[in-house]
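These are my notebook entries on a single structure.

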Amino acid sequence: MTEDHTPQTCDLLIEAGWVVPVEPHAVVLEDHAVAVTGGVIQAVLPTDEARARFAPRETVSRPESAVIPGLVNAHTHNPMTLLRGVADDLPLMEWLQGHIWPVEAAVIGPEFVADGVTLAIAEMLRGGTTCANENYFFPDVQAATYKRHGFRAMVGLPVIDFPTAWAKTSDEYFDRAGEVHDQWRDDALVSTAFAPHAPYTVSDANFERIRMLADQLDLPVHLHTHETAQEIEDSLRDHGQRPLARLDRLGLVNDRLIAVHMTQLTDSEIHLCAERGVSVVHCPESNLKLASGFCPACAIERAGINLAIGTDGCASNNDLDMIGETRTAAQLAKAVARDATALDSATALRAATLGGARAMGLDAKIGSIEPGKQADLACIDLSTLETQPLHHVVSQLVYASGRHLVTDVWIGGHAKLCGRVLVDMDVDAIIANARQWRSRIAGLHPS
């Protein structure tokens, strides 16, 4: 009986100088290929073996590039790309209450949300990001926009204790949250989470309602918390407890909690988060720009807490550059810990990919390059002058590369960026649309 050497068909074969799978940790596979069929990673193997084993419908050859899992932006307010630069160089509460909220009140609506998300998707794809954890109003419009562009997202179901254009009462917030969840509960690209704004804008009663529903529906809870020293002081004054202790009293400190910012933490709070399986999203550039404080990312990661990275919104960052954010996270962690070994490049890259996926409950689908996972991938050119000489691939990715070196992006095996050109997105039209929003907003908020 002769062995059959007929090549297997596959949809796509990506041949790379290096594949950085993230799982196993810190591994770099030289001269490897990723075979994709039906949007799913079929195999990761040496390029020579891949050529012998597969008959691909399409081959993308990038011999001087690294293929990484698509970056996961674990905390965003993407409609706010249209507010980029509106109110810079201000502390958080003055920025939020004196500038951002008044402008939002005047412009927020379905059109603003759809146009802001579209601009954000284009920017994220050009930077190698394939998934976002969204936290904003009109999640129905967000979800439809992400789906239309084939972008993976978890949309937050907002809850806040005052009327907005999205909902007027607590009951309406919850009713509308249920409707959006029901509409998208089985979608392949779009999922949902509860998104109570922050401890200082959500009542005990609404937090308890969120906890009950999150348990029933098996949904994450995506929450800004311990963002500033002022937040801690106000919570002690108003509730007699620090925010995390209050959330624990209300049953929310568990493995569903996606705790964003976390710049004000005691050792006992870090231990509590580790014990309960909380995920922490580190947003270093927004925290630096708003002078909110420093997330102890090294202590968090070394305690065994799942660490993810997010850019926050463009009104406080002011970009969606996850490669830059990951570099800042790694460097800041070293300064805060006073330890040059803190959050090394491989650990930082893991936080920006698999860490975000785990926080969102998507780690069985995305976050690493493994057979059976969705082919959410990014290709980064390491042939340029700025990345030479190439002593250490992962260090170069984190410390020397940039989003301008991202050449190709796939989501679920579908090409979204080819040779730096966006697929099925009209860049000129997106820019023109952003400019007309600038004119509309400038009339409300002269710079």
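**Entry 1: strand β7.** I began with the side-chain directions in β7: R152, M154, G156 and P158 point one way, A153, V155, L157 and V159 point the other way, and all are buried. I note that the model is a predicted one. In a regular strand, side chains alternate between the two faces of the sheet. I then checked the cover of the whole strand, residues 152–159, and found that 8 of its 8 residues are buried.

I next looked up the neighbours of β7. Strand β6 (residues 129–134) runs parallel to β7 and is joined to it by 4 bridges. Across this pairing, A132 stands opposite A153 in β7. Strand β8 (residues 190–196) also pairs with β7 in the parallel sense, over 7 bridges. There I found S191 in β8 as the bridge partner of M154.

**Entry 2: the open sheet.** I traced an open sheet of 8 strands with mixed pairing, in the order β3-β2-β1-β4-β13-β14-β15-β16. Which strands stand at its edges? They are β3 (40–46) and β16 (421–422); each has a single partner strand, so one side of each is left without a neighbour in the sheet.

L45 in β3 is the bridge partner of A33.

Entry 3: I followed strand β14 (residues 406–411) into strand β15 (residues 414–418); the two pair in the antiparallel sense over 3 bridges. V409 has L417 in β15 as its bridge partner. The hairpin of β14 and β15 has 2 residues between the strands, and G412 in this hairpin takes a positive phi near 55 degrees.

I then moved on to β15 and β16, which run antiparallel and are joined by 2 bridges. The bridge partner of C418 is V421 in β16. This hairpin also has 2 residues between its strands, and G419 in the turn has a positive phi of about 55 degrees.

**Entry 4: cysteines.** How many disulfides does a search of the whole structure find? I record 0 disulfides. I looked up two cysteines in detail. The closest cysteine sulfur to that of C131 is in C283, at 14 Å, which is too far for a bond. C131 counts as buried because its relative accessibility is 0%. For C273, the closest cysteine sulfur is in C295, at 10 Å, again too far for a bond. C273 has 1% relative accessibility and therefore counts as buried.

**Entry 5: surface positions.** I noted a nonpolar patch on the surface formed by L288, F294 and V336, with about 250 Å² of accessible area together. F294 is found in the loop between α10 (284–289) and α11 (297–302). Its relative accessibility is 47%, so F294 counts as partly exposed.

I also located E111 in helix α3 (residues 110–126). Is E111 buried or partly exposed? At 44% relative accessibility, E111 counts as partly exposed. I recorded a C-alpha to C-alpha distance of 17 Å between E111 and A122, which are 11 residues apart in sequence.

**Entry 6: the annotated span.** I consulted the UniProt record, an unreviewed entry, which places the feature "domain: Amidohydrolase-related" at residues 67–414. In the model, this span is 43% helix and 17% strand, and its end C-alpha atoms lie 15 Å apart.

Definitions and conventions
Residues are numbered from 1 along each chain as its sequence is written. This is a predicted model: local features need pLDDT of at least 70, side-chain atom pairs count only at pLDDT 80 or more; totals for chains, interfaces and linings use all residues. Side-chain values use heavy atoms; hydrogens and water are left out. Two strands pair if DSSP finds at least two bridges between them. Patches are made of residues with over 30% relative accessible area and no salt bridge: like charges are joined within 9 Å, nonpolar side chains (Val, Leu, Ile, Met, Phe, Trp, Tyr) within 5 Å. Accessible areas come from the Shrake-Rupley method with a 1.4 Å probe; for residues, only the protein chains shown count as cover. A salt bridge is a side-chain nitrogen of Lys or Arg within 4 Å of a carboxyl oxygen of Asp or Glu. Buried means under 20% relative accessible area, exposed over 50%, partly exposed in between (1.4 Å probe, protein chains only). UniProt positions are given in the numbering used here, feature names are shortened, and annotations may be inferred rather than shown by experiment. A disulfide is a pair of cysteine sulfur atoms within 2.5 Å.
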